Amino acid sequence: MAKTQLNVRVDETTAQAARARAGERGISVNRYIEELVREDQAESGRTFVEAAADFMKQYESVFAEEFGTERTERAERRPNAFPDAADPDAPGGQDGAKRSRGAGGTASGGTSA
């Protein structure tokens with residue numbers, strides 16, 4: 001992976017702390033900073049997923065009312081977030097995709113290739 005230089009100004013206390021923590025880990029300050037950024041990105045992703053799950057739980061009854069309890073019950077029996085597209089009974093599987101697109105089988109209503 002290509003590297004890009006990034007110049008960052010921090011106070012002396014922060015610089016000393018970064019050098020010390022990197023030294024404790026036996027890595028360069030550069031690598032230490034890279035790892036901190038990656039960890040922060042991963043945490044942001046986890047926070048988003050947790051918030052989305054909380055949202056879905058909070059509005060579960062609204063979704064059930066709008067889309068019916070059959071889909072909700074199927075999703076509870078099959079907790080896989082990425083159902084097998086070949087399984088026509090899976091939420092979002094071939095069967096569900098055809099129903100949601102109409103008889104033509106495509107989102108635009110035309111024919112599929």
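These legends describe close-up views of a predicted model.

**View 1. The largest pocket and its lining.**
The largest pocket holds about 680 Å³ of space. Its lining counts 19 residues, with L6, V8, N30, I33 and E34 nearest the centre. Helices α1 (12-25) and α2 (29-58) are the elements that each supply two or more lining residues. The top contributor is α2, with seven residues. By class, the lining comprises ten nonpolar, five polar and four charged residues.

**View 2. A nonpolar patch on the surface.**
V29, I33, L36 and V37 make up this patch. Together they present about 290 Å² of accessible area. L36 sits in helix α2. L36 is classed as partly exposed because its relative accessibility is 34%.

**View 3. The salt bridge between E24 and R21.**
The closest N and O atoms of this pair are 2.7 Å apart. Both residues belong to helix α1, three residues apart, or about one turn. E24 is exposed, at 57% relative accessible area, while R21 is partly exposed at 36%.

**View 4. The salt bridge between E35 and R25.**
Here the closest N and O atoms lie 3.5 Å apart. The pair links distant parts of the chain, with E35 in helix α2 and R25 in helix α1, ten residues apart. R25 is partly exposed, with 38% relative accessibility.

E34 is partly exposed at 22%, and R38 is partly exposed at 47%. Shared partners join K3, E34 and R38 into one salt-bridge network. The whole structure has six salt bridges.

Key:
Residues numbered from 1 in each chain as written. Predicted model: local features only at pLDDT ≥ 70, side-chain atom pairs only at ≥ 80, totals over all residues. Heavy atoms only, no water. 1 Å grid on protein atoms, 1.4 Å probe; cavity = no way out; pocket = protein on both sides within 12 Å on 5 of 7 lines; lining within 4 Å. Points joined across faces, edges and corners; volume = space filled by probe spheres on them. Helix = DSSP H or I, 4+ residues; strand = E, 2+ residues; numbered from the N terminus. Nonpolar A, V, L, I, M, F, W, Y, C, P; charged D, E, K, R; others polar. Patch = residues over 30% accessible without salt bridge, like charges linked within 9 Å, V, L, I, M, F, W, Y side chains within 5 Å. Areas by Shrake-Rupley, 256 points an atom, 1.4 Å probe, with all protein chains shown as cover. Salt bridge = Lys/Arg side-chain N within 4 Å of Asp/Glu carboxyl O. Buried < 20%, exposed > 50% of the residue type's maximum accessible area, 1.4 Å probe, protein only.
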